[in-house]
Amino acid sequence: MQFHHHGYVSTDPRVQDAAGVGIDRPDELPDTVDVLIVGTGPAGMITAAQVSQFPNITTRIVERRGDRLAIGQADGIQARSVETFQAFGFAERIIAEAYRITEMAFWKPDPTNPANIIRTARAIDDPTGISEFPHLIVNQARVLDYFAEVMANAPTRMTPDFGFEFHSLVNTNEGEYPVTVTLVHTTGAHKGQERIVHAKYVVGADGARSAVRDSIGCTLAGDAAFHAWGVMDVLAVTDFPDIRTKCAIQSGTGGSILLIPREGGYLFRMYVDLGEVAPDDNGAVRQTSMEQIIAKANAILHPYTLDVKNVAWHSVYEVAHRLTDRFDDVLPAEIGIRSPRVFILGDACHTHSAKAGQGMNVSMQDGFNLGWKLGYVLDGRSPDSLLGTYSAERQVIAKNLIDFDKEWSSLMAAKPEDLKVPLEEFYTQTAEFPAGFMTQYPPSMLIGEATHQSLATGFPIGKRFKSAPVVRVGDANPVELGHHHRADGRWRVYAFADAASVELAAWAEWMRTSGDSPLLAHTPAGSDIDSIFDVKVVYQQAHAEVDISRVDDVFLPKTGPFGLIDYEKLYATDPERDIFSLRGISRDGAIVVVRPDQYVANVLPLTATDELAAYFRQMLLVR
């Protein structure tokens, strides 16, 4: 973490100075806002946390509840989400309080006595080292708390506006604030009264029954699997030996359990198979009592027993796989004619089962994707056409998720003898998808063609930037390169090269002096030179072989009111874990461009300055 560059800091350095709309921010919900976010679930909160980093944008997030969420339904945190938490600055703290999944046990009927279950396999959770970050279990409410802290500590000092329920909206596509939103007070002296807010953009993160979705004419299309599950977070005494290990349990008498240990050492969650649901059930299965769910769990666990002492939360749900055909208010016939004003994300546009642990994780990536784009458009950095890329990118990802979840859900519900592929094999073979690392955006105004992919094969264009170890030159500290990619709205431009490279020297001079350089073309006048682009160099040499006095100033920018030199943009290879070898980077050098949401956007040779300039001019306005 870097601080003191604006003056000595003796308090918590995570609390940024209030700036822009954060100075004297009104407690009351204003009549006009730049962005109105509906819903304080994971998707809404990460969107708010990202936009809160843009000081001049007025964003408010409303929630029908009167206070913070106390008990969250979601709890699985995939490694890609922990990477994202690192970008927002709280990965280490949430890892410390979470339960960490290191392996999964698989239980099936005992061949000698099918009425009993036995452990048949164990699978390592991340056998190939997909990420340096772990797979976690932690209450959704705590995730929301951390994002709320990020918002409150941001320059805009954002906090949720509780006690407002979305009622309707009208988008005229005219004027500075074209979207008129009607809210209803749900608490306090004004309960039941309407409140009108005018917005430039509206984000609907209001769940599977989204009223924002309905207001723009979107519907969830898909089907139900006619299979019900009871889920419960419990404190219990049991003789089942793997109660603190994630388990897939398939019984011989019919029925399955997905067991998820929870944080804190005692609590655990069980998804209990309640069997097939008749098409004419009309929701009757949702009346299944807690006692019936516990009895079913005991039948599946036989010969082990479960003595439930306390139930923190429980629910009954039927698996449904549904998806909207668009994630914004632009109809197919309007694409290219107008830009969106209303967006939906998370459960508002894709629903599926909870057992693959994807709902919260994918929803947060929806918000991360949209948040920085809203910031760029409203801050005057990009044209509003940038906002059309949100639906184009995320709708395909949601479709892939639903296809995966259909297969996983059907395998979990099937009898072991009916499976063509054992559950443990499917779990291991598909590990990269649920971990969140199969997302790959196609070429667009944001994603370059793979023309020069051979220069950095370990950084596939369109996929998330996979961190690797390096050594910081200035202080000889070993660090993970990707861990310094913060959710501050900046692009990362990495130059990989030999310290004596003539091409690197020429590229650095071009970046620093040419009018076509992204640094000079797109950085606002009066701003720090690294306020839009965080330009770093990674040398092939060891850190002791790099002479800082010979490094180009583009990698040693002067920032802040005192013009202090930033020494944390110079890196060298770790001799024992060479990033050039680990990530297939050409020894002739390469430029790797990474978006603000951590996805690799382009790979170019050091000599391709015209291509680099043209790439950024597609989506960034000239200052």
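The structure is a predicted model, in which local features need pLDDT of at least 70, side-chain atom pairs count only at pLDDT 80 or more, and totals for chains, interfaces and linings use all residues. Residues are numbered from 1 along each chain as its sequence is written, and side-chain values use heavy atoms, with hydrogens and water left out.

**Exercise 1.** Determine how the radius of gyration of the chain stands against the rule for a compact globule.

Solution. The radius is taken over C-alpha atoms, and the globule rule is 2.2 Å times the number of residues to the power 0.38. For 623 residues, the rule gives a value near 25 Å. The chain has 26 Å, which agrees. As a further description, the C-alpha trace spans about 75 × 60 × 50 Å along its principal axes. Of the 623 residues, 57% count as buried.

**Exercise 2.** Describe the setting of Asp-366: which element holds the residue, and is the residue buried or exposed?

Solution. Begin with the element: Asp-366 belongs to helix H7, residues 359–378. Helices (H or I, at least four residues) and strands (E, at least two) are DSSP runs, numbered from the N terminus. Next, consider accessibility: Asp-366 counts as buried because its relative accessible area is 0%. Then list the neighbours. Contact means heavy atoms within 4.5 Å; not counting residues up to four places away in sequence, Asp-366 touches Leu-345, Gly-346, His-350, Tyr-390 and Arg-394. Finally, the side chains of Asp-366 and His-350 form a polar contact at 2.8 Å. Such a contact is a pair of N or O atoms within 3.5 Å; within protein, one must be able to donate a hydrogen and the other to accept it, and residues adjacent in sequence count only if both atoms are side-chain atoms.

**Exercise 3.** Examine the backbone at Asp-24, Ala-476 and Pro-303.

Solution. Most residues other than glycine have a negative phi, and most peptide bonds are trans. Asp-24, although not a glycine, has a positive phi of about 55°. Asp-24 lies in the segment before strand S1 (32–38) and counts as exposed because its relative accessibility is 73%. Ala-476 likewise has a positive phi, of about 65°. Its place is the loop between strand S19 (469–472) and strand S20 (478–480), and a relative accessible area of 35% makes Ala-476 partly exposed. Lastly, His-302 and Pro-303 are joined by a cis peptide bond with omega about 15°. Pro-303 is in the loop between helix H6 (290–301) and strand S16 (306–323).

Methods
Buried < 20%, exposed > 50% of the residue type's maximum accessible area, 1.4 Å probe, protein only.
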